[in-house]
Amino acid sequence: MAFAMSNKWLLLIPKAAISAALIVFVLSRVDLASAKARLLMVAPEMLVLAAGVFVLQYVVCGFRWRAALAPLGARVSYPRLLRLFYVGNFFHQTLPASVGGDAVRTYLVYRDGVGLRTAISAIMLERVATVAALLLLVALVQPLFLGRVGE
């Protein structure tokens, strides 16, 4: 048991070093004074609203993924799915292609005991539902903007 624990710590050290190096690299490329000035110009209520929308979006996405898993017979708790969804979205943002996050979510839910075929099918169903919802949203909102945009 002690050996397994030391292995975890040994693996954590390079991860932390790489993360710290990447943070330093990014911060070295940012004009912090300009960023601070721009941040101070933002209305605080808009920041709170943006954070609320962000959280609400993840809550809805977690339910959507759960709705895709349930008919396939997979039973994963909602808090666990929400956590896995958040991890997957981190990889959506950091990897060059958006399918990386889906692959990570598939692997993580598979590791939690969901069959691989079920995990892949649920991700695909969730993606189809996302695209269908976006198409519906565009169809509903487009008439409102046609008058403003014109031909």
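How are α3 and α4 oriented to each other, roughly parallel or roughly perpendicular? The axes of α3 and α4 come within 9 Å and cross at roughly 115 degrees, so α3 and α4 are roughly perpendicular to each other.

## Basis of the model

This is a predicted model, in which local features need pLDDT of at least 70 and side-chain atom pairs count only at pLDDT 80 or more, while totals for chains, interfaces and linings use all residues. Residues are numbered from 1 along each chain as its sequence is written, and side-chain values use heavy atoms, with hydrogens and water left out.

Helices are DSSP runs of H or I with at least four residues, strands are runs of E with at least two, and both are numbered from the N terminus. Two packed helices are described by the angle between their axes and the distance between the axes. Axes are lines fitted to C-alpha atoms, for helices over the stretch in contact, and angles run from 0 to 180 degrees between N-to-C directions. Angles under 35 degrees count as roughly parallel, over 145 as roughly antiparallel, 65 to 115 as roughly perpendicular and the rest as oblique.

α3 passes α4 in a right-handed crossing; a crossing is right-handed if the near helix is turned clockwise from the far one by less than a right angle, and left-handed if anticlockwise. On the α3 side, F54, Y58, V59, C61, G62, F63, R64, W65, R66 and L69 meet Y78, L81, L82, L84, F85, Y86 and N89 of α4, where contact means heavy atoms within 4.5 Å. By class, the contact of α3 with α4 has 13 nonpolar, two polar and two charged residues. Here Ala, Val, Leu, Ile, Met, Phe, Trp, Tyr, Cys and Pro count as nonpolar, Asp, Glu, Lys and Arg as charged, and the others, Gly among them, as polar.

α3 also packs with α6, at an angle of about 130 degrees and with the axes 8 Å apart. α3 and α6 are therefore oblique to each other, and the crossing of α3 with α6 is right-handed. R64, W65, A68 and L69 of α3 make this contact with T118, A122, I123, L125, E126, A129 and T130 of α6. The residues of the contact of α3 with α6 divide into seven nonpolar, two polar and two charged.

## Helix α4 against α5

Helix α4 (residues 78-94) packs with helix α5 (residues 99-111) at an angle of about 150 degrees, and their axes are 7 Å apart. That makes α4 roughly antiparallel to α5. The crossing of these two helices, α4 and α5, is right-handed. Residues of α4 in the contact are R80, L81, L84, F85, V87, G88, F91 and H92, and those of α5 are G100, G101, D102, V104, R105, L108, V109 and R111. Of the residues in the contact of α4 with α5, eight are nonpolar, four polar and four charged.

## Salt bridges

Side chains of opposite charge can pair when their charged atoms come close. A search of the whole structure finds five salt bridges, each a side-chain nitrogen of Lys or Arg within 4 Å of a carboxyl oxygen of Asp or Glu. In one of them, R64 pairs with E126, the closest N and O atoms being 2.6 Å apart. R64 lies in helix α3 (residues 44-69) and E126 in helix α6 (residues 116-149), so the pair ties together parts that are 62 residues apart in sequence. R64 counts as partly exposed at 23% relative accessibility, and E126 counts as buried at 2%. Buried means under 20% relative accessible area, exposed over 50% and partly exposed in between, with a 1.4 Å probe and protein chains only.

E126 also meets R105 in a salt bridge (2.9 Å, N to O). This pair links R105 in helix α5 with E126 in helix α6, 21 residues apart. R105 counts as buried, at 1% relative accessibility. R64, D102, R105, E126 and R127 are linked in a network of salt bridges. D112 forms a salt bridge with R80, with the closest N and O atoms 2.5 Å apart. D112 is in the loop between α5 and α6 and R80 is in helix α4, 32 residues apart. D112 counts as partly exposed at 34% relative accessibility.

## T106 and L116

T106 is in helix α5 and counts as buried at 11% relative accessibility. Leaving aside its neighbours within four places in sequence, T106 is in contact with L116, A119, I120 and I123. L116 is found in helix α6 and counts as partly exposed at 46% relative accessibility. L116 and T106 are 10 residues apart in sequence and 7.6 Å apart in space, C-alpha to C-alpha.
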